[in-house]
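User: Please take a close look at one residue in this structure. I would like its setting first, then its surroundings.

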Amino acid sequence: MTCLEKVKIYHPFDLVAYCILPDHIHVLLSLPQKDKNYSTIIKEIKRSVTARVREHLEHPGIVVWQDRF
């Protein structure tokens with residue numbers, strides 16, 4: 001299961017598009033009507049990806065993301 005799939009279980013959204021660049025990523029998400037909780041979804045995606053990267057690289061302290069999005 002991917003990090004996005006895990007987050008979608010608790011915070012439904014549709015991934016409309018993404019673009020991976022050398023030093024950052026763009027994502028375009030669509031949330032259900034009346035849901036404006038983008039910050040929580042991005043936070044959970046970043047948390048899940050960070051855990052996966054740290055485990056894969058065997059580097060528990062590596063910083064993966066900038067503080068804000």
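The residue I have in mind is serine 48. Where does serine 48 sit, is serine 48 buried or exposed, and which residues is serine 48 in contact with, leaving aside its neighbours within four places in sequence?

Analyst: Here is the chain as a whole, followed by the residue. The model is a predicted one.

Start with the fold. The chain has two helices and two strands. Read from the N terminus, the order is α-β-β-α. The C-alpha atoms fill a box of roughly 40 × 25 × 20 Å along the principal axes.

Next, the contacts and the surface. Take contacts between residues at least 6 apart in sequence: 31% of them join residues at least 24 apart. The accessible surface is about 5800 Å². Carbon and sulfur atoms account for 57% of that surface. Of the 69 residues in the chain, 17% are buried.

The charges come next. The chain carries 10 positive and 8 negative charges. Their mean positions lie 7 Å apart.

Now the residue itself. Serine 48 belongs to helix 2, which covers residues 38–57. Its relative accessibility is 11%. The cut-off for buried is under 20%, so serine 48 counts as buried.

Last, its surroundings. Set aside the neighbours within four places in sequence, and serine 48 is in contact with Cys3, Lys6 and Val7.

In short, serine 48 is a buried residue in helix 2, in contact with Cys3, Lys6 and Val7 beyond its sequence neighbours within four places.

Terms used:
Residues are numbered from 1 along each chain as its sequence is written. This is a predicted model: local features need pLDDT of at least 70, side-chain atom pairs count only at pLDDT 80 or more; totals for chains, interfaces and linings use all residues. Side-chain values use heavy atoms; hydrogens and water are left out. Helices (H or I, at least four residues) and strands (E, at least two) are DSSP runs, numbered from the N terminus. Buried means under 20% relative accessible area, exposed over 50%, partly exposed in between (1.4 Å probe, protein chains only). Contact means heavy atoms within 4.5 Å. Accessible areas come from the Shrake-Rupley method with a 1.4 Å probe; for residues, only the protein chains shown count as cover. Lys and Arg count as positive and Asp and Glu as negative; His and the chain ends are not counted. The place of a charge is taken as NZ of Lys, CZ of Arg, CG of Asp or CD of Glu.
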